[in-house]
Amino acid sequence: MSNNKNVFKPLYLSLVIALSLTACGGSSDDTSADVIIPEPTPVPETDNAGEELVLDTVREHINTSEPISFYVDVLDPAASLVVSLFSGTEDKSLGDPDVYVRYESTASAGETGEFDCVSYNASDYNETCIIDDVEAGRYHILIDAYSDKPTVDASIVATTSLFNQSLLCEEPVRIRAQDLTDEQMLAACNVIIETKQRFDSVLSASIAPDFGASVPNDLNEVTNINIFSSLSNHAAWAEHLFDTPNTSGIYFETSPTDWWHDSTILTFNALEWSGGRNVIRSLSHEYVHALDGRYNKEGDYRADMAWWSEGLAEYIGTYYQRSYQSLVTANESESYTLKQIFAGDADSYSWGQLAVAFLIEEQPERVTSMLSEMRAGNWTEYNTLLADIAASHQLDFETWYTQNLIEQFGLNDKELILGDYEPINGRGGWVFSVEVSEGTESLTVNSFGGSGNVDMWVSFNSAFHPSVNDASLCASMTDNSNQESCIIDAPNAGKYYITIASDFAGGDIVDLYLSTCSGKDCTVSLPAQQALTTITEPYLPHWPEKGTLGTCSLAETYRTSYDYAEDVSITNTTDTEVKVYWLSNSKADKSGGAYMTLAQGDSFTPDNWYIGERVMLTDKTDNCLSVAILNDENNQFQILEQHVEGAVDVVEIPEATAEMGSCDLAAPYTRESDYAPEFIVANTSTTPYNLYWIDFNSGLPNLSNNYATLGRNEMYTADYWVVGDRMMVTDSDNQCIGVLNLNASSNIFVLD
């Protein structure tokens with residue numbers, strides 16, 4: 001066993017910055033203490049190439065009690081080679097392996113090792129190495145591990161088919177894409193270039209100390225951006241390769257001053273949200289995070305700076321020089337002080353963006369001081385500075401967002417030419433203007449095409465904002481449509497403003513066009529609408545053949561498609577009874593009660609389940625036996641003898657800690673906030689019983705949702721009920737037998 005791994009290896013979450021739109025803002029503990037890292041000793045090179053891997057073929061049951069080597073032969077050049085090591089089929093702890101990959105020579109481990117790629121995560125995290133611009137030849141793979149955390153059971157797969165494109169942009173950014181064209185790749189690079197220009201323009205030499213220089217000792221010179229072909233592919237591959245349940249785009253910054261440093265963005269083509277129109281999710285927003293980490297902040301991610309991180313990414317990356325959404329935030333029913341924003345008590349995206357905008361636009365010298373402390377890692381001094389800013393500038397902040405911001409709105413309007421059009425893409429709101437000359441018969445304003453749903457207002461001489469103004473000359477707000485229209489008869493000569501806003505700021509507007517022309521029946525020739533892209537649902541190499549059951553290692557977070565899975569049936573061919581549960585997509589475990597218990601020959605045939613949903617099959621004691629993934633081709637699953645090996649037939653009934661009350665408890669009650677501990681209902685009688693939740697407002701059982709039907713020696717368990725909740729126990733005719741009143745200590749009920 002190699003001993004070169006006995007170096008300090010911080011927990012992954014304390015090394016990774018997890019920053020994303022609508023669901024980002026990952027958290028971590030601060031690891032600010034000084035750490036001495038011993039010099040690692042590399043594994044000596046050997047002529048032994050190890051075991052052969054075949055591309056796209058999973059190798060299972062890997063044990064790293066000793067370092068283990070593999071090689072894979074790539075016959076043709078490819079955009080990328082992905083090597084993925086992950087928890088094996090036995091669903092055991094992965095341990096703490098690391099992966100090294102090297103072209104045409106054996107790889108060795110550690111800081112002084114020889115490798116082209118290293119994946120150096122903490123224990124129980126999957127490891128992923130990606131090599132770009134792959135040449136034909138042999139790639140050597142070394143799996144190494146800490147001596148006290150060997151991998152007991154792992155799987156590995158190497159593939160060149162995940163990312164069909166890899167491009168190094170002019171900015172130091174590597175873009176990998178699962179399914180983009182050359183033109184789309186170049187467009188993505190242009191977004192990166194424009195974002196860096198914005199970043200430099202906002203944090204210019206007059207604000208940023210050491211402008212243009214990275215934080216001292218920051219080694220993340222290149223940011224890798226992995227773009228998946230759809231949201232469903234992003235969710236599946238991000239969870240598998242990077243151990244994140246993210247479904248909105250995310251940025252990871254790993255140990256920027258260490259030899260295993262990494263700067264990676266995961267995002268996707270948001271086809272599910274755009275109706276099949278191509279739009280890369282949060283690309284500019286996420287890249288601002290990378291720039292912020294490289295040029296503004298020393299060390300790893302700090303959860304207490306989420307307001308700055310997300311606020312800056314929204315200010316520069318999402319709503320640059322467009323204050324529509326800022327006014328929406330400023331006029332919310334509940335406002336927040338700078339002190340609350342800095343403390344993390346306000347939304348880090350909306351109010352964080354408002355605070356960042358105020359500081360950069362109104363207090364640039366304060367931002368210079370902040371950046372000086374951030375770059376040096378002087379966090380005590382930084383927090384002291386924030387406290388002073390909050391105390392000194394609260395009134396200035398209130399004046400700015402209640403008065404000055406209104407005056408600014410509309411100043412960055414984009415001019416429209418009468419008889420022409422402008423494309424609209426992005427989020428939030430936009431302001432346009434058009435000059436109308438004397439004698440114009442009428443002004444017609446139309447929006448057409450695209451994704452999402454927008455509203456439109458037309459005003460004269462100043463821009464209209466629905467959060468600020470009471471009336472406009474014309475308002476067009478059709479539901480679930482982008483085809484808005486306003487006609488102004490006999491318009492005055494002068495400047496007319498057009499405000500366009502999406503009804504959901506988190507959704508991208510794509511391929512929308514705004515046109516103006518003179519006359520009631522006038523039209524403007526618009527470009528053809530973007531061709532719609534069909535989503536290819538993910539199916540990863542380690543998943544079982546479609547229509548067959550997989551192992552319990554598939555009990556992980558996941559996301560479903562918007563399309564239904566067809567002809568779903570799970571049939572038990574064995575004489576062992578099997579329970580059927582829905583596998584929670586967020587908890588990665590069974591949720592609620594069992595749908596049914598399958599005896600030999602019984603089938604579970606649900607309707608209206610979605611592609612991607614997962615079903616967990618358990619024995620009578622709720623131990624997982626296997627998992628089914630519903631797919632787009634074959635959902636006829638059979639439970640075979642191999643799936644019930646080791647199933648426990650005898651249920652050990654726990655000792656009761658609570659007693660069932662009378663049916664008089666079926667009355668309105670108060671729920672508390674704490675979860676009810678140890679909630680188990682066991683039936684030791686020969687009579688089957690049903691379980692229904694009692695509505696706390698009405699005091700009546702919700703008979704439309706049977707949480708469980710318990711036969712002899714069957715149990716119901718759940719961890720999401722709260723103290724005070726009440727469950728009604730009924731017989732097969734739904735006549736009340738008693739009521740379970742959940743308490744704060746223990747809730748084991750035995751029906752005997």
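The disulfide of Cys517 and Cys522 is right-handed, because the torsion about its S-S bond is about 75°. The two sulfur atoms sit 1.9 Å apart, inside the cut-off for a disulfide, a pair of cysteine sulfur atoms within 2.5 Å. This is a predicted model, in which local features need pLDDT of at least 70 and side-chain atom pairs count only at pLDDT 80 or more, while totals for chains, interfaces and linings use all residues. Residues are numbered from 1 along each chain as its sequence is written, and side-chain values use heavy atoms, with hydrogens and water left out.

**Disulfides**

- The whole structure holds 6 disulfides.
- Counting bonded cysteines along the protein chain, the pattern is 1-2, 3-4, 5-6, 7-8, 9-10, 11-12.
- Cys517 is buried, with a relative accessible area of 5%. Buried means under 20% relative accessible area, exposed means over 50%, and partly exposed lies in between (1.4 Å probe, protein chains only).
- Cys117 and Cys129 form another disulfide, with 2.4 Å between their sulfur atoms.
- This pair links distant parts of the chain, 12 residues apart: Cys117 is in strand S6 (residues 117-119) and Cys129 in strand S7 (residues 127-134). Strands (E, at least two residues) and helices (H or I, at least four) are DSSP runs, numbered from the N terminus.
- The link of Cys117 and Cys129 is left-handed, with -110° about the S-S bond.
- Both Cys117 and Cys129 are buried.
- Cys552 and Cys624 also form a disulfide, their sulfur atoms 2.1 Å apart.
- Cys552 lies in the loop between strand S23 (509-518) and strand S24 (569-572), and Cys624 lies in strand S29 (residues 624-629), so the pair ties together parts 72 residues apart in sequence.
- The torsion about the S-S bond of Cys552 and Cys624 is about -100°, so this disulfide is left-handed.
- Cys552 counts as buried, because its relative accessibility is 12%.
- Cys624 is partly exposed, because its relative accessible area is 28%.

**Helix H9**

- Helix H9 (residues 350-362) has 13 residues.
- From first C-alpha to last, H9 reaches 18 Å, close to the 18 Å expected at 1.5 Å a residue. The expected span is 1.5 Å times one less than the number of residues.
- H9 is mostly covered, with 11 of its 13 residues buried.
- The buried residues of H9 include Trp351, Leu354, Phe358 and Ile360.
- Those buried residues pack against several helices, among them H2 (182-202), H6 (306-318) and H11 (379-408).

**Strand S32**

- Strand S32 (residues 689-693) is mostly covered: 5 of its 5 residues are buried.
- Tyr689, Leu691 and Trp693 point one way from S32, while Asn690 and Tyr692 point the other way.
- S32 runs antiparallel to strand S33 (residues 708-710), joined by 3 bridges. Two strands pair if DSSP finds at least two bridges between them.
- Leu691 stands opposite Ala708 in S33.
- S32 also pairs with strand S35 (residues 726-730), in the antiparallel sense, over 4 bridges.
- Tyr692 has Met728 as its bridge partner in S35.

**Largest pocket**

- The largest pocket holds about 1600 Å³ of space. A pocket, on a 1 Å grid over the protein atoms alone, is an open set of points where a 1.4 Å probe fits, with protein on both sides within 12 Å along at least five of seven lines; lining residues have an atom within 4 Å of a point.
- There are 47 residues lining the largest pocket, and the closest to its centre are Val191, Arg198, Ile424, Asn425 and Gly426.
- Elements giving two or more residues to the lining include helix H5 (283-295), strand S16 (421-426) and strand S17 (429-436).
- Helix H2 gives the most to this lining, with 8 residues.

**Ile192**

- Ile192 is placed in helix H2.
- Ile192 is buried, with a relative accessible area of 0%.
- Leaving out residues up to four places away in sequence, Ile192 touches Glu171, Val173, Ile175, Ile225, Leu283 and Tyr287. Contact means heavy atoms within 4.5 Å.
- Ile192 and Ser87 are 105 residues apart along the chain, and their C-alpha atoms are separated by 35 Å.

Notes. Points joined across faces, edges and corners; volume = space filled by probe spheres on them.
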